[in-house]
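Subject: Structure handover

Hello,

Here is the structure for you to take over. My notes on what was found in it follow below.

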Amino acid sequence: MSDRIASVFREMAPNDVQLFKAAVDGQPDPYYVLNVARQIRCIDDAACEEVQIRTAGEYTERIGEYSSVSGLRIDKSKVGDVRVFRTWGWHSPLIVDDEIKDALEATGIAGGKFEEV
């Protein structure tokens, strides 16, 4: 991510993320890799459209985690004051609070898609 986007995370969620400087061939500006340091068990199974839990298969170490989540909804009471996180057992989405979403949109972020969960 660009320095402009990284600065939002650096300033607004320093305890929730790690940023690592990365060189991008052909680009003079600094770029960063974002590591989300927080993972919260907060998926609201009943409120989601559909969830499927891994019960067997080739990833035996992931049994009990989600193999599919449609219409993701979280239990916000389990999030506390964490501003950026990934959900336990379903790592695809990056969850940010409304203030970070607004700050990212104000920077003109490209490629981000925001949905209320």
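**Thr-107 and its surroundings**

Apart from residues within four places in sequence, Thr-107 is in contact with Arg-4, Ile-5 and Val-8. Please keep in mind that this is a predicted model. Thr-107 itself sits in the segment after helix H2, which spans 98-106. A polar atom of the Thr-107 side chain lies 2.6 Å from the backbone oxygen of Leu-104. Is Thr-107 buried or exposed? Its relative accessible area is 19%, and the cut-off for buried is under 20%, so Thr-107 counts as buried.

**Overall layout**

The protein has two helices and seven strands. Read from the N terminus, the order of the elements is α-β-β-β-β-β-β-β-α. Taken along the principal axes, the C-alpha atoms fill a box of roughly 45 × 30 × 25 Å. Of the 117 residues in the protein, 31% are buried. Among contacts between residues at least 6 apart in sequence, 48% join residues at least 24 apart.

**Helix H1**

Helix H1 covers 3-12. Which residues of H1 are buried? They are Ile-5, Ala-6, Ser-7, Val-8 and Phe-9. The cover over the buried residues of H1 includes E1, E2, E6, E7 and H2.

**The largest pocket**

The largest pocket holds about 820 Å³ of space. Its lining consists of 31 residues, and those nearest the centre of the pocket are Leu-94, Ile-95, Val-96, Phe-114 and Glu-115. By type, the lining residues divide into 17 nonpolar, four polar and 10 charged. Which element gives the largest share of the lining? That is E7, with four residues. Strand E7 spans 90-96, and E7, H1 and H2 each supply at least two residues of the lining.

**Salt bridges**

How many salt bridges does a search of the whole structure find? The search finds nine. Three of these pairs are described below.

*Arg-38 and Asp-16.* The side chains of Arg-38 and Asp-16 meet in a salt bridge, with 3.2 Å from N to O. This pair links distant parts of the chain, 22 residues apart: Arg-38 is in the loop between strand E2 (31-36) and strand E3 (39-40), while Asp-16 is in the loop between H1 and strand E1 (17-22). The two partners fall into separate accessibility classes. Asp-16 is buried, with a relative accessible area of 5%, whereas Arg-38 is partly exposed, with 32%.

*Lys-76 and Glu-116.* A salt bridge also forms between the side chains of Lys-76 and Glu-116, at 2.7 Å from N to O. Lys-76 lies in the loop between strand E5 (66-70) and strand E6 (84-87), and Glu-116 lies in the segment after H2, so the pair ties together parts that are 40 residues apart in sequence. Glu-116 has a relative accessibility of 54%. The cut-off for exposed is over 50%, so Glu-116 counts as exposed.

*Arg-83 and Asp-97.* For the side chains of Arg-83 and Asp-97, the salt bridge has an N to O distance of 2.6 Å. Arg-83 is in the loop between E5 and E6, and Asp-97 is in the loop between E7 and H2, so this pair ties together parts that are 14 residues apart in sequence. Asp-97 is partly exposed, with a relative accessible area of 22%. Salt bridges that share partners join Arg-83, Asp-97 and Glu-99 into one network.

**Gly-71**

What does Gly-71 touch, not counting residues up to four places away in sequence? Gly-71 touches Ala-47, Cys-48 and Glu-49. Gly-71 and Ala-47 are 24 residues apart in sequence, and their C-alpha atoms are 8.3 Å apart in space. At 26% relative accessibility, Gly-71 is partly exposed, as that class runs between the cut-offs of 20% and 50%.

Regards

Methods. Residues are numbered from 1 along each chain as its sequence is written. This is a predicted model: local features need pLDDT of at least 70, side-chain atom pairs count only at pLDDT 80 or more; totals for chains, interfaces and linings use all residues. Side-chain values use heavy atoms; hydrogens and water are left out. Buried means under 20% relative accessible area, exposed over 50%, partly exposed in between (1.4 Å probe, protein chains only). A polar contact is a pair of N or O atoms within 3.5 Å; within protein, one must be able to donate a hydrogen and the other to accept it, and residues adjacent in sequence count only if both atoms are side-chain atoms. Contact means heavy atoms within 4.5 Å. On a 1 Å grid over the protein atoms alone, a cavity is a set of points where a 1.4 Å probe fits but cannot get out, and a pocket is an open set with protein on both sides within 12 Å along at least five of seven lines; lining residues have an atom within 4 Å of a point. Grid points are joined across faces, edges and corners, and a volume is the space filled by probe spheres set on the points. Ala, Val, Leu, Ile, Met, Phe, Trp, Tyr, Cys and Pro count as nonpolar, Asp, Glu, Lys and Arg as charged, and the others, Gly among them, as polar. A salt bridge is a side-chain nitrogen of Lys or Arg within 4 Å of a carboxyl oxygen of Asp or Glu.
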